[in-house]
Amino acid sequence: MKARYISVPYVIWMALFVIAPLILVVIFAFTSEAGGFTLEHFARMSRYVGIFANSLFLALVATAICFAAGYPVAYILARKESVFRRVGMLLIMLPMWMNFLLRTYAWMSLLEDNGLINRFLTFLGLPGISVINTDGAVVIGMVYNFLPFMILPIFSVIEKIDRRTIEAAQDLGANSLVVFRRIIFPLSLPGVLSGITMVFVPSVSTFVISRLLGGGKTLLLGDLIEMQFFGNAYNPYLGSAISLVMMVIVMVSIAIMNRFGEGEEGAMLL
Amino acid sequence: MKKRNAASMALVLALTLVLGVLGTGCGATTQEKREVNVYNWGEYIDTDVLTQFEKETGIKVNYKTYPTNEALYSSLKSGGVSYDVIIPSDYMISRMIQEDMLDKIDFKNVPNADKVDEVYRNPEYDPTGEYSVPYMWGTVGIIYDTKVVTEPVTSWSILFNEKYSGKILMFDNSRDAIGIALKYLGYSYNTTDKDQIKEAVDLLVQQKPLVQAYVMDQIFEKLTGGEAAIGPYYAGDAVTMMEENPDLAFCLPSEGSNIFVDAMCIPKGAANKEEAEEFINFMCRGDISAANCQVTGYSTPIGEAYDLLPEDMRDNTVMYPDKETLAKCETYTNLPQDILDFYDEEWVRLMTD
Amino acid sequence: MIRKQAESIASSIARRVSGAFGNVYTGLIFFFLYAPIAVLIIFSFNASKSRTIWAGFTLDWYIKLFQDSGIMDAFGTTILVSVLAAAISTVAGTVAAVGLQNLRRRPRSILMAVNNIPITNADIITGVSLMLLFVSAGKLMGFTLGFGTLLMAHITFDLPYVILSVTPKLRQLDKHTFEAAQDLGATPFQAFRKVILPEIRPGVVNGLIIAFTMSIDDFVISYFTAGSRVETLAMAIYSMTRKRINPEINALSTILFVSVLTLLIIVNVRQARQERLAEAAMLKPPEEEV
């Protein structure tokens with residue numbers, strides 16, 4: 001086929017709007033406020049170690065919970081009849097059609113001290129919970145928002161596992177636990193890795209969830225970056241430097257993780 | 001199967017297109033129209049005034065809001081935006097004048113600026129009076145729920161009282177929050193002594209476990225809904241909240257507080273300067289300023305508007321405190337760059353503690 | 001013998017219990033996913049502005065919504081940018097995917113890696129980096145952020161999803177059909193339209209849906225690239241969360257949500273019915289991956 005050149009506009013587009021902006025981030029990160037070259041922004045980074053640690057920790061917790069909660073759902077749904085499978089998947093994607101800020105805001109109504117959950121608990125004569133404005137609430141928000149991103153890729157890999165492989169193992173005397181441990185789980189690993197990436201990255205960089213559910217008490221990486229561009233501390237150079245460090249950390253972790261799996265991410269995103 | 005997919009997709013698209021046309025249709029935007037891009041604080045205008053302006057002048061208002069002076073500064077600095085009217089506070093105006101971010105206003109086009117009371121002319125933040133026209137003024141005080149806080153409130157100390165742990169709200173911007181701690185410690189808002197600022201932030205670090213949340217306009221819901229019991233905020237908003245929830249009360253602390261003026265300015269490079277001046281002129285009209293005051297609860301710098309207010313508002317000491325109380329209040333001035341950096345640094349320390 | 005029987009009974013009970021348990025568990029997860037949505041929908045009918053106290057039923061917010069030019073403008077912008085971005089990136093992405101398929105391995109894998117950047121990168125970095133680009137370019141060429149930059153940003157993050165969804169379908173295609181069609185006298189365009197397109201249509205449609213959904217749902221990238229004059233619904237909602245959410249927004253979201261839900265139900269009921277008919281006729285259609 002001679003149709004190779006029809007991809008040229010796409011290549012130019014990606015170079016202009018994906019590569020060039022990232023190069024700009026790198027340039028900004030090494031530029032001083034006066035306009036010269038500097039490493040000062042990276043030197044200042046030590047001040048933000050706490051924020052980096054906290055963001056990574058909360059994102060890891062959220063990712064672990066999403067995995068623990070989402071894997072069984074993906075597994076159960078993937079093994080249902082085709083009608084249930086399709087309905088299940090639609091139900092998992094459907095919430096995306098309601099704006100995520102609104103849904104997160106609704107969690108505020110649910111979790112507040114005078115919120116709906118506490119009203120309900122008091123109605124039952126039970127003691128109330130106090131979660132809002134804590135790291136716990138931020139994690140709930142992350143899990144809520146990103147759980148579908150864990151379920152969908154795992155589901156689509158498990159669904160594609162050839163049932164005959166499983167039957168063969170069973171015929172050879174493997175019980176269901178062995179089948180799961182030796183066949184299903186290893187085969188679902190690419191989906192798991194892709195799910196972990198898709199939950200971890202948005203969790204570590206969110207600035208909306210922490211602001212709405214965390215009561216502004218914990219500053220996460222996303223907040224810190226946003227702050228340098230539109231917030232209380234204008235410094236786009238520092239903001240770029242923080243973005244760059246975050247991007248490197250995320251990419252390195254993804255690369256390390258994909259070493260363990262087949263690394264065929266992306267292909268089973270949705 | 002494929003046909004069905006295509007059909008369902010067509011349905012989705014048709015639906016959204018119809019809704020979209022509906023949406024833009026109701027918005028009724030025509031390209032030829034004159035427009036003015038206004039960037040204001042949240043909850044700081046009577047939105048009917050905007051409609052009235054559009055009707056009277058035929059200029060379309062694109063209205064957006066920002067939460068803090070610093071956020072306003074950042075989005076102007078970040079570039080790529082073009083606003084025609086902004087309403088920063090005093091100290092931010094002097095910073096913007098220093099950094100050459102504002103355009104001089106052509107007062108020929110703003111005859112109503114004469115209506116501004118003498119006291120508010122040629123202020124410290126804009127000594128030549130060429131860059132700004134006062135919009136509203138007010139003070140910062142403590143708003144509290146009398147059902148929870150039964151003791152008399154006279155001092156900033158109530159914000160640091162362990163009795164109200166988990167019920168206290170605090171400002172989510174460094175200048176106001178650190179300012180409160182500075183005043184409580186007996187220092188000036190405008191101190192450039194890093195030790196004093198550090199001491200103030202140490203106090204805030206101690207206070208943090210008692211704080212339910214750091215907020216700006218979210219305070220409206222949290223205080224009127226009874227989610228929180230005490231919080232510092234602007235007097236005008238206190239008036240609005242007290243209307244909604246009569247259990248709320250306001251106190252201007254005895255240590256003194258902040259008095260501020262927010263004024264309308266035109267940023268450098270505004271695309272619609274003429275329309276901006278027309279807008280500013282409109283906002284200075286007595287009836288318009290009065291309408292804004294009635295909705296926002298803030299205090300007007302325009303005598304004509306004051307006279308138009310209902311009596312209970314004119315006599316409201318939250319909106320118009322007596323001279324003695326005002327004498328104890330201090331304005332913010334623009335801080336030097338190294339102190340601003342130090343504020344940011346210390347704020348991050350508080351947030352990561 | 002008896003032991004074996006007992007074992008098999010035990011395991012079948014276990015399976016049934018675990019099946020029931022699984023269903024309950026899945027139900028709980030769905031409850032978790034839909035509880036906030038239910039709250040939003042219920043409170044869109046609330047007579048007061050409160051988010052947590054029920055003050056009686058009203059349809060006021062639904063009426064006021066259509067008179068609120070701010071919200072309707074934002075909604076119009078959202079729909080317009082999503083439809084345009086999804087349509088443009090679907091057409092451009094499909095064409096590009098065909099081109100990519102014909103590249104040699106090395107350049108192709110490099111381009112696929114670049115393609116994955118906007119997908120794996122954090123939204124805030126995509127947003128910030130695009131903002132830096134638009135602002136710098138704007139200073140040189142004298143434009144400000146607005147609908148144009150917003151649309152370009154949306155196309156940029158929509159394109160990769162289209163490529164990812166079309167490429168697998170192209171791989172399944174027999175390489176020679178295209179050439180065969182051309183040998184038989186078809187122009188490349190005809191060959192593409194008549195031979196390739198019908199085969200990859202499910203991938204294209206899927207890409208279009210994903211792109212549209214991504215655009216509708218996006219907040220962070222729009223927030224950084226839209227500038228001062230345009231506002232998407234998500235941005236309007238964000239500035240509202242800083243004070244209080246206008247229940248009109250709940251009403252609008254409810255309308256959107258219910259429309260999409262209804263649509264999906266109609267499509268799926270029809271699909272299920274047809275499948276059952278096909279099964280009854282012992283002519284089960286081949287499984288299709290979407």
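## The annotated span of chain A

Residues 52–257 of chain A have end C-alpha atoms 19 Å apart, and the span is 79% helix and 0% strand. Helices (H or I, at least four residues) and strands (E, at least two) are DSSP runs, numbered from the N terminus. In an unreviewed entry, UniProt assigns to residues 52–257 of chain A the feature "domain: ABC transmembrane type-1". UniProt positions follow the numbering used here, feature names are shortened, and annotations may be inferred rather than shown by experiment.

This is a predicted model, in which local features need pLDDT of at least 70 and side-chain atom pairs count only at pLDDT 80 or more, while totals for chains, interfaces and linings use all residues. Residues are numbered from 1 along each chain as its sequence is written, and chains are lettered from A and ligands numbered from 1 in the order in which they are written.

## Chain A as a whole

Chain A contains 12 helices and 0 strands. Its C-alpha atoms fill a box of roughly 70 × 70 × 30 Å, taken along the principal axes.

Of the 270 residues of chain A, 51% count as buried. A residue is buried if 20 or more other C-beta atoms lie within 10 Å of its own, exposed if 12 or fewer, and partly exposed in between, with C-beta atoms placed from the backbone. Of the contacts in chain A between residues at least 6 apart in sequence, 72% join residues at least 24 apart. Two residues are in contact if their C-beta atoms, placed from the backbone, lie within 7 Å.

## Where chain A meets chain C

Between these two chains, 68 residues of chain A are in contact with 65 residues of chain C. Several helices of chain A each supply at least two residues to the side that touches chain C, among them α1 (8–29), α3 (49–78), α9 (176–205) and α12 (236–260). The most is given by α1(A), with 13 residues.

By class, the side of chain A that touches chain C has 52 nonpolar, 11 polar and 5 charged residues. Here Ala, Val, Leu, Ile, Met, Phe, Trp, Tyr, Cys and Pro count as nonpolar, Asp, Glu, Lys and Arg as charged, and the others, Gly among them, as polar.

## The two domains of chain B

Chain B is divided into domain 1 (35–137 + 260–319) and domain 2 (139–259 + 331–352), with bounds that come from an automatic or database domain assignment. The C-alpha centres of domain 1 and domain 2 of chain B lie 25 Å apart.

The contact between them takes 20 residues from domain 1 of chain B and 16 residues from domain 2 of chain B. On the side of domain 1 that touches domain 2, α4 and β5 (133–145) of chain B each supply at least two residues; α4(B) gives the most, with 5 residues. That side of domain 1 has 8 nonpolar, 8 polar and 4 charged residues.

Under "binding site", an unreviewed UniProt entry lists Glu43(B) and Tyr91(B). Glu43(B) lies in the loop between β1 (35–41) and α2 (47–57) of chain B. Glu43(B) counts as buried because it has 20 C-beta neighbours inside 10 Å. Apart from neighbours within four places in sequence, Glu43(B) is in contact with Asp217(B), Asp237(B), Thr296(B) and Lys243(C).

Tyr91(B) is placed in helix α4 (residues 90–98) of chain B. With 22 other C-beta atoms within 10 Å, Tyr91(B) is buried. Not counting residues up to four places away in sequence, Tyr91(B) touches Tyr125(B), Tyr332(B), Thr333(B) and Asn334(B).
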